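Here is a short briefing to read alongside the model. Please have the structure open as you go through the points.

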Amino acid sequence: MDNNKASTVVEVLSEALPYIQKLNGKTIVIKYGGNAMTDEALKVGFARDIVLLKQVGINPVIVHGGGPQIAELLERVGKESKFIQGMRVTDTETMDIVEMVLGGLVNKSIVTLINQQGGRAVGLTGKDGSLIRAKKMEIKINPDDENSELVDLGHVGEVHTVDPSVVSMLDADNFIPVIAPIGVGENGESYNINADLVAGKLSTVLGAEKLLLLTNTVGILDKQENLLTGLTAKQVDSYIADGTIYGGMLPKVNCALDAVKSGVKTSHIIDGRVPHAVLLELLTDEGVGTLLKG
């Protein structure tokens, strides 16, 4: 390493120090998905970032998705994917495949990557230790009509309650929890839950310092496509009202907003396509996405 490169490394570490000090002992809930979870180089970089955070005294908790992997396996077994209002219709056979993919293939591959980088990751689903109690999600055929009929999505759920004791125990023993968004109903039935919603609820219950949502976008943009950051809940509400925030970004923004309104210090919608996006957002002055605060 030449002197110029060495000096750059020292400058970066020096810039990161106050952030490390501020976040020491704090919990960060990270929703992991999108390109960051499918691109090989980004996957390794993410795993290294998580190990580094744990090494410097920060407690990362990972909640992951797996929609593309579920769709791929359903196609391989000849089962058609059907969606209503963006929700996958999940019959019993489809739920078996969802559990196999999320709780098995995807979860264990993330755990393995983190452990290969020197971490101590443990894979969970929301069924383990009754971490996530779920209830059946009900949506209307026409959401704007209060008298509209309800649609049966099968084993699609929403978070009813969260018991964080198993996560807190793992954190305290220096493990890194990696959680698949599958909940358990009152009769022991499994439910597939949106990973953003699980991450948001978990961040609130854990009293997390931050919630990070990795996406395939640069963050929230204004109407001139400039990146917006440092937004208050009031500002976000106004951007939703005037149509600046709309469409597919709305559920993610609402999830981030609910977290800060429920006591999480800040939520971050960040571009998971950027190498080491997690460290850039948490430990540098610039960041790589949109920060929301209460």
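Let's begin inside: α2 and α9 each supply at least two residues to the lining of the largest cavity. This is a predicted model, and a search of the whole structure finds one cavity of 30 Å³ or more.

**The cavity**

- The volume of the largest cavity is about 70 Å³.
- Its lining is made up of Ala-36, Leu-42, Gly-45, Phe-46, Asp-49, Leu-214, Gly-272, Val-274, Pro-275, His-276, Ala-277 and Val-278.
- With four residues, α2 gives the most to the lining of the largest cavity.
- By class, the lining of the largest cavity holds eight nonpolar, three polar and one charged residues.

**The largest pocket**

- Helix α8 gives the most to the lining of the largest pocket, with five residues.
- Sorted by class, the lining of the largest pocket has 16 nonpolar, 17 polar and seven charged residues.

**The second largest pocket**

- The second largest pocket has a volume of about 380 Å³.
- Among the residues lining the second largest pocket are Val-9, Leu-13, Glu-15, Leu-52, His-276 and Leu-283.
- Two or more residues of the lining of the second largest pocket come from each of α1 (3-23) and α9 (277-283).
- Helix α1 has the largest share of the lining of the second largest pocket, at six residues.
- The lining of the second largest pocket has nine nonpolar, two polar and one charged residues.

**The nonpolar cores**

- In the largest nonpolar core there are 42 residues, and Ile-30, Leu-53 and Ile-114 have the most contacts inside it.
- The elements that give two or more residues to this core are α1, β1 (27-32), α2 (40-55), α3, α4 (92-116), β8 (176-180), β11 and α9.
- Helix α4 gives the most to this core, with ten residues.
- Leaving aside neighbours within four places in sequence, Ile-30 is in contact with residues including Phe-46, Ile-50, Leu-53, Ile-62, Leu-212 and Val-278.
- A second, separate core has 39 residues, including Ile-179, Met-249, Ala-256 and Leu-257.

**The sheet**

- Eight strands form an open sheet with mixed pairing, in the order β5-β8-β2-β1-β11-β13-β14-β12.
- At the edges are β5 (121-125) and β12 (231-232), each with a single partner strand, so one side of each is left without a neighbour in the sheet.
- β2 (residues 59-64) pairs with β8 in the parallel sense over two bridges.
- In β8, Val-178 stands opposite Ile-62.

- Is Val-260 buried or exposed? Val-260 has a relative accessible area of 7%, so this residue is buried, the cut-off being under 20%.
- Not counting residues up to four places away in sequence, Val-260 touches Lys-265, Thr-266, Ser-267, Leu-292, Lys-293 and Gly-294.
- Val-260 and Lys-293 are 33 residues apart along the chain, with 6.0 Å between their C-alpha atoms.

Conventions. Residues are numbered from 1 along each chain as its sequence is written. This is a predicted model: local features need pLDDT of at least 70, side-chain atom pairs count only at pLDDT 80 or more; totals for chains, interfaces and linings use all residues. Side-chain values use heavy atoms; hydrogens and water are left out. Ala, Val, Leu, Ile, Met, Phe, Trp, Tyr, Cys and Pro count as nonpolar, Asp, Glu, Lys and Arg as charged, and the others, Gly among them, as polar. On a 1 Å grid over the protein atoms alone, a cavity is a set of points where a 1.4 Å probe fits but cannot get out, and a pocket is an open set with protein on both sides within 12 Å along at least five of seven lines; lining residues have an atom within 4 Å of a point. Grid points are joined across faces, edges and corners, and a volume is the space filled by probe spheres set on the points. A nonpolar core is a set of buried Ala, Val, Leu, Ile, Met, Phe, Trp, Tyr and Cys residues joined through side-chain atoms within 4.5 Å. Buried means under 20% relative accessible area, exposed over 50%, partly exposed in between (1.4 Å probe, protein chains only). Contact means heavy atoms within 4.5 Å. Two strands pair if DSSP finds at least two bridges between them.
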